[in-house]
Amino acid sequence: MNPFKVMALVAIIVAMVSCNKNADKSIESPGTSTISMQEMISESGANADELVIKEMTSANADVLNRKQKVHFVYTESNEAGSNRILAYEIQPDGNLDFKGATASGGAGTGAGLGSQGALVIDKHHEWLFAVNAGSNTVSSFKIRNDGSLKLVCTKGTEGMNPNSVTVHGDLLYVLNHGSDNIHGFKIGSNGSLTHIQGSTQSLSGAATDAPQISFTPDGDWLVVTEKATNNINSFKVKGDGAAWPAVVTASTGQTPFGFDFARDKVMVVSNAAGGAAGAGSATSYHIRSNGNQQAINGAIANQQGAPCWVAVTEFGRFAFITNTGSNSISSYYIGPGGRLYLVDKAAAGTDNKPTDIVVADNNYFVYALTANSGTIGEFHRTFWGGLKKSGSAMGLPSSTTGLATF
């Protein structure tokens, strides 16, 4: 072939590759020939998280939405001396309608908590639990049929500056950021909270700057990330609800922050990399029977700044991660066996400094808190791990923290 033609052909190929989005790139799948990202994501047409989008974008989607039960998004103001839970009703188009505020029974700090899970809802959508970081307490609320809340119980957390809470069955655990420990409660049928003897356990050391606590999906373990030490703690849960001392694993990736659970109980953790520009990543882990966390395919870079908060879709195929330093949301695909793949480093832009993210109960709408801008960004999912912004709920205090939805 004429060498000039060869050079021209190479230039065209390079241009085509550089213009393709991540979803069009080819990747190596273990044991198979090279395939495209879209082929992998489709799972031969069996990706349940993709099928939801097809249903929601059909001609009858709006009619179907209106027939469904009304759903809500909650956050907390975390205002100094007057913490409140703010409730929003999810409209059929995904926009949020403010429904009102409920006093939390405790005080906030007047600034963001730098944590994931400041409030949480039980799986039956009967109870909401929220930390009061300024008064070292946690509160329980009855969720009424119209989404409004009734404060039921407020208890001390046996520690300082609680910033994250998690629920599984009749167990509730709180992470005390200021005292580097965790503490558990039994939840009564009426929403009461009773301290569990022997449930207070220490993290790996002092000043760990721990941002999140969460039960594993089966409730057998509690997991806590530590930003300052690059450690991940696993606490085995006893039959009586108390916790064993921590099993500590070094993180694969710097500054492990938020996390959520995907298919096959895989845990997806964001790595904020100390907030360094363009240095962020995420890692997927299996938790071993001895509590150690096993990284599956390393820290997968997203070239963004300070990836912190993580939300996984209903069927565990996609993870969305907010990048506080880049004002963006990255999307990852979780493959069979838990391998993590970057789909789009910036699937959507956000308002200034996003600080939390959730996927709605319909597995289609996605909401990102940007407290610095006083907004909750409203998005809907698109095919191949994409997101499209539709609007923003505005007027939130800059101290607002946490998101929970059903």
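**Entry 1: a hairpin**

I began at the hairpin of S4 and S5, where five residues lie between the strands and Gly 94 takes a positive phi near 95°. Strands here are DSSP runs of E with at least two residues, and helices are runs of H or I with at least four, numbered from the N terminus. The model is predicted: local features need pLDDT of at least 70, side-chain atom pairs count only at pLDDT 80 or more, and totals for chains, interfaces and linings use all residues. I number residues from 1 along each chain as its sequence is written, and side-chain values use heavy atoms, with hydrogens and water left out.

I then looked up the pairing. S4 and S5 are antiparallel and share seven bridges. Two strands count as paired if DSSP finds at least two bridges between them. Leu 86 has Ala 101 in S5 as its bridge partner. Tyr 88 is bridged to Phe 98, also in S5.

**Entry 2: the sheet around S4**

On its other pairing, S4 is joined to S3 by six bridges, again antiparallel. Here Thr 75 stands opposite Leu 86.

How enclosed is strand S4? Six of its seven residues, within 84–90, are buried, so S4 is largely enclosed by the rest of the structure. Buried means under 20% relative accessible area, exposed over 50%, and partly exposed in between, with a 1.4 Å probe and protein chains only.

**Entry 3: S31**

S3 (residues 71–76) meets S31 over three bridges, in the antiparallel sense. Val 73 is opposite Thr 405. Tyr 74 has Ala 404 as its bridge partner. I checked burial too: five of the five residues of S31 are buried.

**Entry 4: the largest pocket**

S31 (401–405) also supplies at least two residues to the lining of the largest pocket. So do other strands, among them S6 (119–121), S10 (162–168) and S19 (256–261). A pocket is an open set of points on a 1 Å grid over the protein atoms alone, where a 1.4 Å probe fits, with protein on both sides within 12 Å along at least five of seven lines; lining residues have an atom within 4 Å of a point.

I noted a volume of about 1400 Å³. Volume is the space filled by probe spheres set on the points, which are joined across faces, edges and corners. The lining has 45 residues, and Val 120, Ile 121, Lys 123, Val 167 and Asp 260 lie nearest the centre. By class I find 22 nonpolar, 15 polar and eight charged residues. Ala, Val, Leu, Ile, Met, Phe, Trp, Tyr, Cys and Pro count as nonpolar, Asp, Glu, Lys and Arg as charged, and the others, Gly among them, as polar.

**Entry 5: Gln 116**

Is Gln 116 buried or exposed? Its relative accessibility is 8%, so Gln 116 counts as buried. Gln 116 sits in the loop between S5 and S6. Contact means heavy atoms within 4.5 Å. Setting aside neighbours within four places in sequence, its contacts include Ser 164, Phe 259, Trp 309 and Asp 356.

S23, another strand of the pocket lining (307–312), belongs to an open antiparallel sheet in the order S23-S24-S25-S26. Its edge strands are S23 and S26 (340–349), each pairing on one side only. Neighbouring strands are turned by 25° on average, direction ignored. S25 (residues 328–334) and S26 are antiparallel and joined by six bridges. Tyr 333 stands opposite Tyr 341 there.

**Entry 6: the whole protein**

The protein has four helices and 31 strands. Of its 406 residues, 54% count as buried.

How values were computed: Axes are lines fitted to C-alpha atoms, for helices over the stretch in contact, and angles run from 0 to 180 degrees between N-to-C directions.
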